[in-house]
Amino acid sequence: MASDFWLIAGLGNPGKKYEGTRHNMGFMVADVLAERWSVAFSDHKGLALLGKGAMNLQGRNVKFFLAKPLTYMNDSGNAVASICSYYQIEPDHVVVVHDDMDLEFGRIKVKAGGSAGGHNGIKSIDRSLGTPKYARVRMGVGHAKRGPNAHDNTVNWVLGGFGPDQRKQLPDFLADGADAAETIIFDGLAATQEKFNGR
């Protein structure tokens, strides 16, 4: 029987050297949600940090798991699929928060299904869940310079940190990302897209 729990997975890379990098936007949003809803993380089979909580909004109470995969970005699907199968969570109750280079810093786009857009974490989850039909909160980080070393530039970009101006805006941006994940759960995808995608 499918669980009535939701799973919110914030993607990133574990370890000190990745803290605060663009690729770890998902981890940072997960931390905001953990603080907001008093969720404590503990180990799930060595694959993820996982916590359980309940959100109370609009007079409704929704139970959810919050995950930060420890598999490194490119194998995020192993963690997400393991949690879904262990707790019987269907893809339509999964929200994945991740960085997105196709959006300018500070922009959020919400979608379900569709292409992975070159994001290895999303490709991995599509593969492991056997479907792309889960909700995604795409957190814009802008993109690296194009040119002869485009691949290296991209790697250095997503594993780089934020400049001083962006760091100032980061708390609000992360709070918006957390709001977007909550809105998907409480109001559905279409309403969330209306609220966030046009900004």
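Let's start with Arg36. At 32% relative accessibility, Arg36 counts as partly exposed. This is a predicted model, by the way. Where does Arg36 lie, and which residue does it pair with? Arg36 forms a salt bridge with Asp179, and the closest N and O atoms are 2.8 Å apart. Arg36 is in helix 1, while Asp179 is in helix 5, residues 164-187, so the pair ties together parts that are 143 residues apart in sequence. Asp179 is partly exposed too, with a relative accessible area of 28%.

Stay on helix 5 for a moment. Lys168 and Asp165 form another salt bridge, with the closest N and O atoms 3.8 Å apart. Both residues lie in helix 5, three residues apart, about one turn of the helix. On the general point, an α-helix has 3.6 residues a turn, so residues three or four places apart point the same way. Buried or exposed, these two? Lys168 is exposed, and so is Asp165. Now back to Arg36. Salt bridges that share partners join Arg36, Asp179 and Glu182 into one network.

How many salt bridges are there in the whole structure? A search finds seven. One of them joins the side chains of Glu19 and Lys16, at 3.3 Å from N to O. Lys16 is exposed, with a relative accessible area of 68%.

Next, the aromatic rings. Searching the whole structure gives six aromatic pairs. Take Tyr18 and Tyr72. Their ring centres are 6.2 Å apart and their planes stand at 75°, so this pair is edge-to-face. The cut-off for that label is over 60 degrees. Where do the two sit? Tyr18 is in the loop between strand 1 (6-10) and helix 1 (25-36). Tyr72 is in the loop between strand 4 (60-69) and helix 2 (76-87). So the pair ties together parts that are 54 residues apart in sequence. Their accessibility is worth a look. Tyr18, at 15% relative accessibility, counts as buried. Tyr72, at 44%, counts as partly exposed.

There is also a ring cluster. Ring pairs link Phe5, Phe65, Tyr86 and Tyr87.

Rings meet charges here as well. The charged end of Lys68 sits over the ring of Phe41, 5.0 Å from its centre. The charged end of Arg22 sits over the ring of Phe162, 5.7 Å from its centre.

On to His23. Which annotation covers His23? In UniProt, an unreviewed entry marks His23 as "active site". That label comes from the record, and such annotations may be inferred rather than shown by experiment. His23 is found in the loop between strand 1 and helix 1. Tyr18 lies in the loop between strand 1 and helix 1 too. At 13% relative accessibility, His23 counts as buried. The cut-off is under 20%. What does His23 touch, leaving aside neighbours within four places in sequence? The contacts are Leu11, Gly12, Asn13, Met73, Asp99, His119, Val158 and Leu159.

Last stop, helix 3, residues 120-129. Which of its residues are buried? They are Gly121, Ile122, Ser124, Ile125, Asp126 and Leu129. What do they pack against? The buried residues of helix 3 pack against helix 2, strand 5 (94-100) and strand 7 (135-140). Just after helix 3 comes Gly130, with a positive phi of about 75°.

Methods: Residues numbered from 1 in each chain as written. Predicted model: local features only at pLDDT ≥ 70, side-chain atom pairs only at ≥ 80, totals over all residues. Heavy atoms only, no water. Phe/Tyr/Trp six-rings, centres within 6.5 Å; stacked < 30°, edge-to-face > 60°. Helix = DSSP H or I, 4+ residues; strand = E, 2+ residues; numbered from the N terminus. Buried < 20%, exposed > 50% of the residue type's maximum accessible area, 1.4 Å probe, protein only. Lys NZ or Arg CZ within 6 Å of the ring centre and 35° of its normal. Salt bridge = Lys/Arg side-chain N within 4 Å of Asp/Glu carboxyl O. Contact = heavy atoms within 4.5 Å.
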